[in-house]
Amino acid sequence: MQVGPILWRYCHILRHDGVDYGQYLDQLTYLLFLKMWDSDESATDSSWATLERAIPSEILTTYERELARLANRDDLVGAIFAGARSEFTSGDALARLIKLIDELRWNDLDRDVQADAFEYLLEQAAAEGKKGAGQYFTPRSLMRSIVACVKPGAVSTDVIIGDPAAGTGGFLITANEWATDNIPQRRALRYWGRELVQRPRRLALMNAMLHGLDGATIELGDALAAETSAVSADVILANPPFGSQGSQIPPRGDFWFRTSNKQANFIQQIALSLSEVGRAAVVVPDNCLFGDVARGLMPELVQRVDLHTVLRLPDGTFSPYTSGTRTNVLFFTNARPTTSTWIYDARTREHAGRRPLEKGELDEFVKCFGTDPLSVSHRTESDSAAGRWKRFDLSELRDCAYEIDRLPWRMATPPRHQANHLKPLLEARAEMESALRQIDALVQQLEAS
């Protein structure tokens, strides 16, 4: 039985009750948790049973009262229900959803089925909401490829796995799955995250619980606000939120580059939060590798960490969530300064156009990266049959002011039969993207002034 699609179909019914996708996901999270908690022997005051007993004319009031009561608890339950409120305008709609969950026999489902269903709901909500969804949802195939390279738990000093922009907890869950499947004789790992927005944090707590990370710590707060990180992590995996709307220069004396660019600030925070031999993989948009941001951020970064690998992600990686954003993944370790950087260009797809990242599309990159998570594997440019993999000395990065697009290497090359009629379009696109980057840099300067 495909549980996720069944639950998602009911969302469309609730749309007629004025409940949008995000609100539906909130309400469903509350109710699924209440149902699970109902079967817990420690639950002496079952909210689910209280709802089932409520008469139709009082079910909305009963629901709101239970949400408020649970939000006052000082435990995981209280964290999940913090700020919770009912979005239902119809008691009939609430009663129908309660009945649907009962009919699915949610508590009788295996935990992995419950987890898969919840992930399906997260993905659907991100796809439907689209605008802003990239801030809390990262494509599963991308996370798995990144984690396969970084290998959390594979180094003897690994203890804490962190994500300062946790979203719905995808990176922490993927890290735990990889470690469980690949390192049977490993020490216990601790999972820590921080999320600024209450809704994604609530979903992350629920997601972590469904995936067996009951002990994960996911704090509510701004990772950029604290002068020093609360946690020194051995592995950090993060996809900081895209965009600069509302961004300000954080009052941080430990940041070497003062900027309102949110992603650049997260890179500084992550570099400062790594343990002595820690390592990180961070998803960033192109604006971190262009203009004043690159010139302000990168010279000090490459002295503080070894930026050993950059993955240029295919156009459309985050489609349909933020389809127009061109992105990269920066891999670095805290053990030594940078002497050279390997770049894998996955943007030159065999088929033109923007489309979501497909399963297995980054397999060649994972192979090129090598088996050592600290990037001391032997690498050669011939590891990429398509010629996407190249090493650049630090001097070459300095010569182009750390703007990867200016390196004398790959250009977006379409299939040969398309080259003639696409060439002027590609040239026009390159000019437009250059102009947009300059506009973005100007906007960031104005915001900082």
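Student: How are helix 11 and helix 12 oriented to each other?
Tutor: First, how the model is to be read. It is a predicted model: local features need pLDDT of at least 70, side-chain atom pairs count only at pLDDT 80 or more, and totals for chains, interfaces and linings use all residues. Residues are numbered from 1 along each chain as its sequence is written, and side-chain values use heavy atoms, with hydrogens and water left out. Now the general idea. Axes are lines fitted to C-alpha atoms, for helices over the stretch in contact, and angles run from 0 to 180 degrees between N-to-C directions. Angles under 35 degrees count as roughly parallel, over 145 as roughly antiparallel, 65 to 115 as roughly perpendicular and the rest as oblique. Here the axes of helix 11 (residues 262–273) and helix 12 (residues 291–304) cross at roughly 10° and come within 11 Å. Helix 11 and helix 12 are therefore roughly parallel.

Student: Which residues of helix 11 and helix 12 meet?
Tutor: Contact means heavy atoms within 4.5 Å. From helix 11 come Ala264, Ile267, Gln268, Ala271 and Leu272; from helix 12 come Val293, Leu297, Leu301 and Arg304. By class, this contact has seven nonpolar, one polar and one charged residues. For the classes, Ala, Val, Leu, Ile, Met, Phe, Trp, Tyr, Cys and Pro count as nonpolar, Asp, Glu, Lys and Arg as charged, and the others, Gly among them, as polar.

Student: And how does helix 2 lie against helix 4?
Tutor: Read the angle again. Helix 2 (residues 21–38) and helix 4 (residues 59–71) pack at about 75°, with axes 12 Å apart. That makes helix 2 roughly perpendicular to helix 4. Gln27, Tyr30, Leu31, Leu34 and Trp37 in helix 2 meet Tyr63, Leu67 and Leu70 in helix 4. This contact has seven nonpolar, one polar and no charged residues.

Student: How many helices and strands are there in the protein?
Tutor: Helices (H or I, at least four residues) and strands (E, at least two) are DSSP runs, numbered from the N terminus. The protein has 15 helices and nine strands.

Student: What is the order of the strands in the sheet?
Tutor: Start with the rule: two strands pair if DSSP finds at least two bridges between them. The nine strands form an open sheet in the order 3-2-1-4-5-7-6-8-9, with mixed pairing. Its edge strands, strand 3 (217–220) and strand 9 (389–393), each pair on one side only. From one strand to the next, the twist averages 15°.

Student: In which sense do strand 4 and strand 5 pair?
Tutor: Strand 4 (residues 233–238) and strand 5 pair in the parallel sense, over five bridges. In that pair, alanine 238 stands opposite valine 282 in strand 5.

Student: In which sense does strand 7 pair with strand 5?
Tutor: Strand 5 (residues 274–285) and strand 7 are antiparallel, with seven bridges. Arginine 279 stands opposite threonine 333 in strand 7. Strand 6 and strand 7 also run antiparallel, joined by six bridges. Leucine 311 has valine 329 in strand 7 as its bridge partner.

Student: Why is strand 7 described as largely enclosed by the rest of the structure?
Tutor: Buried means under 20% relative accessible area, exposed over 50%, partly exposed in between (1.4 Å probe, protein chains only). Seven of the seven residues of strand 7 are buried, so strand 7 is largely enclosed. Thr327, Val329, Phe331 and Thr333 point one way, while Asn328, Leu330 and Phe332 point the other way. In the protein, 55% of the 449 residues count as buried.

Student: Is histidine 308 buried or exposed?
Tutor: Histidine 308 sits in strand 6. It is buried, because its relative accessible area is 4%. Leaving aside neighbours within four places in sequence, its contacts include Phe331, Trp342 and Arg379. Its side chain also makes a polar contact with the side chain of threonine 309, at 2.7 Å. A polar contact is a pair of N or O atoms within 3.5 Å; within protein, one must be able to donate a hydrogen and the other to accept it, and residues adjacent in sequence count only if both atoms are side-chain atoms.

Student: Where is threonine 317 found?
Tutor: Threonine 317 is in the loop between strand 6 (306–312) and strand 7 (327–333). Threonine 317 is buried too, at 2% relative accessible area. Its side chain reaches the backbone oxygen of proline 314 at 2.6 Å.
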